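Subject: Structure handover

Hello,

Please find the structure below, for your files. My notes on it follow.

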Amino acid sequence: MKTNPRSAFRPLLTGLLLAAAPTLAPQVARGQAAPVPVAANPIIKDKYTADPAALVYNGTVYLYAGHDEAPARQERYVMNEWLCYSSTDMVSWQEHPSPLSVKAFAWAKADAWASQVIERNGKFYLYAAVEHGTIPGKSIGVAVADSPTGPFKDARGSALITNDMTTQAKISWDDIDPTVFIDGKGQAYLYWGNTICYWAKLKPNMTELDGPINQITTLPGFTEAPWLHKANGWYYLSYAYQFPEKIAYAMSRSPEGPWEFKGLLNEVAGNSNTNHQSIIEFKGRPYFIYHNGSIPTDGGSFRRSVCIDYLYYNKDGTMKRVQMTTEGVKPAK
Ligand code: FUB
């Protein structure tokens, strides 16, 4: 397998997150110490969490994340399982037992990379990227559960997407970062990729492709981490842009495109070369969920942490640039 260039990245971005906290500028009298902010971000501090994907279901937000387990100073991904948290206010998060590990996919050999869960007809489908055991390269598996907290079981007994199904990219890790979406007519779509953004329809059973694998070619700087969401009649395709990653996005009137590039949504996240967003609306407010590397002192590109900040739309449907903060969000009512 070719070396992933990101493993050689040396982060130089420490402090970006803390620098982006304008609400921390109180009226401080001469000689008085500035108040210490209550840091809601990162939202989980006892584990390193990465690649957030949130699901809103029955008044609760379920947050799925990869588990960064690399020891301090090891600059490589060590990820063996996915994690699951839930909240009814976006501030208090309850941890659930790990819903899935790489071992649940008997055909896979390593790397519990990015995932997303979606509900259909009372079943919960978890799509995740893993390293395939016999077909060189990354692949995408799908697991199913009766509850959003799992436990999930391999839904096919084989990968849904393998590297030999997408030969256009000359890297072995282009089949990662699945995002799944069901439109108003009940058609399900899977989008994924690294360097190339792919998409395909899914059959109603959610475990088989329903047609060819397509490419989206109008996403400048596409690196990875596509995320599909809909708001106000628009479809939004946000994605990790360039490397180190910012988040950019495109808009369309259809989940099949054409996609019009709209620019940047989020800057490089503090002390992490990846960013990996998830966008949801909960109790009437849009949220931008991402990861950074800000946990002192060993946080970084391979020990990441999930953060949440508000997302705002302009009147014309475009999205305002996200302001990453230490304080995070207030309890949703
Ligand atoms: O967590 C492993 C990889 O890092 C993900 O697949 C990418 O999106 C990046 O966050």
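Before the rest, two remarks on how to read the model. Residues are numbered from 1 along each chain as its sequence is written. This is a predicted model, in which local features need pLDDT of at least 70 and side-chain atom pairs count only at pLDDT 80 or more, while totals for chains, interfaces and linings use all residues.

Strands here are DSSP runs of E with at least two residues, helices are runs of H or I with at least four, and both are numbered from the N terminus. Two strands are said to pair if DSSP finds at least two bridges between them. In general, strands of a sheet pair through backbone hydrogen bonds, either parallel or antiparallel.

S18, S19 and S20 make an open sheet of three strands, in the order S18-S19-S20, with antiparallel pairing. Strand S18 (278–282) and strand S20 (305–310) each have a single partner strand and stand at the edges, so one side of each is left without a neighbour in the sheet. On average, neighbouring strands of this sheet are turned by 30° against each other, direction ignored. For such angles, axes are lines fitted to C-alpha atoms (for helices over the stretch in contact), and angles run from 0 to 180 degrees between N-to-C directions.

The loop between S19 and S20 holds Gly300. Gly300 counts as buried because it has 27 C-beta neighbours inside 10 Å. The cut-offs are 20 or more other C-beta atoms within 10 Å of a residue's own for buried, 12 or fewer for exposed, and partly exposed in between, with C-beta atoms placed from the backbone. Gly300 is 252 residues away from Tyr48 in sequence, yet their C-alpha atoms are 9.6 Å apart in space.

**The protein as a whole**

The secondary structure comes to one helix and 20 strands. The protein has 333 residues, and 45% of them count as buried. Among contacts with a separation of 6 or more, 53% are between residues 24 or more positions apart. A contact means that the C-beta atoms of two residues, placed from the backbone, lie within 7 Å.

**The sheet with S1 to S4**

Another open sheet has four strands in the order S1-S2-S3-S4, with antiparallel pairing. S1 and strand S4 (94–101) stand at its edges with a single partner strand each, so one side of each is left without a neighbour in the sheet. From one strand to the next, the twist averages 25°. Strand S3 (residues 81–87) and S4 are antiparallel over five bridges, and Trp82 stands opposite Leu100 in S4.

Strand S15 (residues 234–241) has seven of its eight residues buried. S15 pairs with S14 in the antiparallel sense over seven bridges. S14 and S15 form a hairpin with two residues between them, and Asn232 in the turn has a positive phi of about 50°. Seven bridges also join S15 to strand S16 (residues 246–252), again antiparallel. That pair forms a hairpin with four residues between the strands, where Gln242 in the turn has a positive phi of about 60°.

**Core**

The largest nonpolar core has 91 residues, and Val117, Tyr125, Leu126, Ala128 and Tyr239 have the most contacts inside it. Such a core is a set of buried Ala, Val, Leu, Ile, Met, Phe, Trp, Tyr and Cys residues joined through C-beta atoms within 7 Å. Strand S7 (residues 123–132) gives the most to this core, with seven residues. Leaving aside neighbours within four places in sequence, Tyr239 is in contact with Cys197, Leu219, Phe222, Ala225, Pro226 and Ala248.

Gly122 lies in the loop between strand S6 (115–120) and S7. Gly122 is exposed, with 7 other C-beta atoms within 10 Å.

**Ligand**

Around the ligand there are 13 residues, the closest being Trp113, Ala114, Ala225, Thr274 and His276.

Regards

How values were computed: A residue is near a molecule or strand if its C-beta atom, placed from the backbone, lies within 6 Å of it.
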